[in-house]
Amino acid sequence: MASWTGRSKGGVLGYKIVVGSLRIFGLSNTYFLLKIISFYYYLFAGEPKKHILDFYQNRLGLSPLEAKKLCKSNFYLLAQSILDKIALAMGLGSDIFYQQKGEDELIRMAKSGRGGFVFSAHVGNWDIAGNLLQNLDVPLNVLMYENEEEKLNEYLDRIGSKPNFNIIPIKDDMSHLVKIYKHYKQNELICINADRFLPGAKTITADFLNSKAHFPEGPFSIVNKLKADYTFIFAVKSSRFGYEFSATKPRKAEGNITDILENYVECLEEKVKHHPEQWFNYYDFYQAPPK
């Protein structure tokens with residue numbers, strides 16, 4: 001059974017081809033190239049394809065034919081989301097726009113002078129929100145695993161693909177906890193994707209789409225201990241160049257980690273049901289962590 005390893009798929013050569021196309025032919029024409037690439041990936045994806053089809057059929061109740069059609073769309077949309085993110089960071093994404101639902105709530109939380117935590121997940125283009133949002137007036141810090149190939153990171157840095165948010169890398173020495181506390185005390189926002197964990201991490205269980213799933217305990221524990229404000233944000237693709245950004249009304253952690261997790265799972269379920277084609281977790285999401 002496969003679990004998430006913390007490593008991304010794709011090599012530098014593929015990124016070079018796509019970025020070259022983006023620079024020469026523009027965003028729209030590069031989408032056509034991605035359609036070909038994503039279909040090739042669909043044919044030979046192996047384990048990722050197997051797990052996403054299983055998720056669609058056994059968790060969402062789709063027929064095999066519906067699941068295969070949705071899987072093709074899923075791979076294409078993933079490729080688009082990566083390209084959109086790079087295009088925005090390079091200043092080549094002028095066609096990309098977003099409609100908001102709840103952005104005012106996030107802005108209100110950002111300007112409260114208390115800082116806060118922003119939970120998201122790998123549904124839609126979770127980190128494109130950081131590149132699109134321009135009205136926060138406080139720094140946005142995104143917690144990330146050091147899971148990318150060094151050569152790929154170096155290449156993206158070289159071409160000027162820089163995100164509009166600060167990255168806090170998750171390290172084995174737990175130094176990221178000090179940075180989280182520091183930025184929170186500076187009344188900044190901390191964004192955490194709480195739908196994945198690496199082997200060995202502490203987890204907490206919740207009912208997700210009528211089955212038991214495991215989520216990382218750390219993010220919920222941090223917010224709970226700090227009794228901080230928190231909200232859930234998502235940015236899902238809604239049209240060719242458009243995204244729909246949503247943020248829930250902020251809540252305050254009251255000392256019960258289970259409440260925070262249940263609120264998160266409820267919101268995550270709603271997004272997955274409305275946008276199953278943008279579920280970008282390509283492993284056995286329900287696999288129990290090794291003991």
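**Exercise 1.** Decide whether His274 is buried or exposed.

Solution. The relative accessible area of His274 is 56%. Buried means under 20% relative accessible area, exposed means over 50%, and partly exposed covers the range in between (1.4 Å probe, protein chains only). His274 is therefore exposed. The residue is found in helix 9, where helices are DSSP runs of H or I with at least four residues, strands are runs of E with at least two, and both are numbered from the N terminus. The C-alpha atoms of His274 and Val236 are separated by 10.0 Å, and the two residues are 38 apart along the chain.

The model is predicted, so local features need pLDDT of at least 70 and side-chain atom pairs count only at pLDDT 80 or more, while totals for chains, interfaces and linings use all residues. Residues are numbered from 1 along each chain as its sequence is written, and side-chain values use heavy atoms, with hydrogens and water left out.

**Exercise 2.** Check the length of helix 2 (residues 47-59) against its number of residues, then list its buried residues.

Solution. Step one is the rule: the expected span is 1.5 Å times one less than the number of residues. Helix 2 has 13 residues, so the span should be 18 Å. Step two is the model: the end C-alpha atoms are 17 Å apart, which agrees. Step three is the burial: Pro48, His51, Ile52, Leu53, Phe55 and Tyr56 are buried. After helix 2 comes Gly61, with a positive phi near 75°.

**Exercise 3.** Which residues make the nonpolar surface patch of about 480 Å²?

Solution. A patch takes residues with over 30% relative accessible area and no salt bridge; like charges are joined within 9 Å, and nonpolar side chains (Val, Leu, Ile, Met, Phe, Trp, Tyr) within 5 Å. Areas come from the Shrake-Rupley method with a 1.4 Å probe, and for residues only the protein chains shown count as cover. The members here are Phe39, Tyr40, Leu43 and Phe44. One of them, Phe44, lies in helix 1 (residues 12-44) and is exposed, at 60% relative accessible area.

**Exercise 4.** Describe the salt bridges of Asp84, Glu105 and Arg114.

Solution. A salt bridge needs a side-chain nitrogen of Lys or Arg within 4 Å of a carboxyl oxygen of Asp or Glu. The structure holds 4 of them.

- Asp84 pairs with Lys237, with the closest N and O atoms 2.7 Å apart. Asp84 lies in helix 3 and Lys237 in strand 8 (residues 229-237), so the bridge ties together parts 153 residues apart in sequence. Asp84 is buried at 0%, and Lys237 is buried at 9%.
- Glu105 pairs with Arg108 at 2.9 Å, N to O. Both lie in helix 4 (residues 103-110), 3 residues apart, about one turn of the helix. An α-helix has 3.6 residues a turn, so residues three or four places apart point the same way.
- Arg114 pairs with Asp229 at 2.6 Å, N to O. Arg114 lies in the loop between helix 4 and strand 2 (116-120) and Asp229 in strand 8, so this bridge ties together parts 115 residues apart in sequence. Arg114 is partly exposed at 47%, whereas Asp229 is buried at 8%.

**Exercise 5.** Classify the aromatic pair of Phe75 and Tyr282.

Solution. Rings of Phe, Tyr and Trp (its six-membered ring) pair if their centres lie within 6.5 Å; planes under 30 degrees apart are stacked, over 60 edge-to-face, and the rest tilted. The structure holds 27 aromatic pairs. In this one the centres are 5.6 Å apart and the planes make 50°, which is tilted. Phe75 is in helix 3 (residues 64-89) and Tyr282 in the segment after helix 9 (257-274), 207 residues apart. Phe75 is buried at 4%, and Tyr282 is buried at 19%.

**Exercise 6.** Where do Asn187 and Asn210 lie, and what is the phi of Asn187 and of Asn210?

Solution. Most residues other than glycine have a negative phi. Asn187 has a positive phi of about 65°; Asn210 also has a positive value, near 70°. Asn187 lies in the loop between helix 7 (175-185) and strand 5 (189-193) and is partly exposed at 31%. Asn210 is in the loop between strand 6 (203-208) and strand 7 (211-216) and is exposed at 80%.
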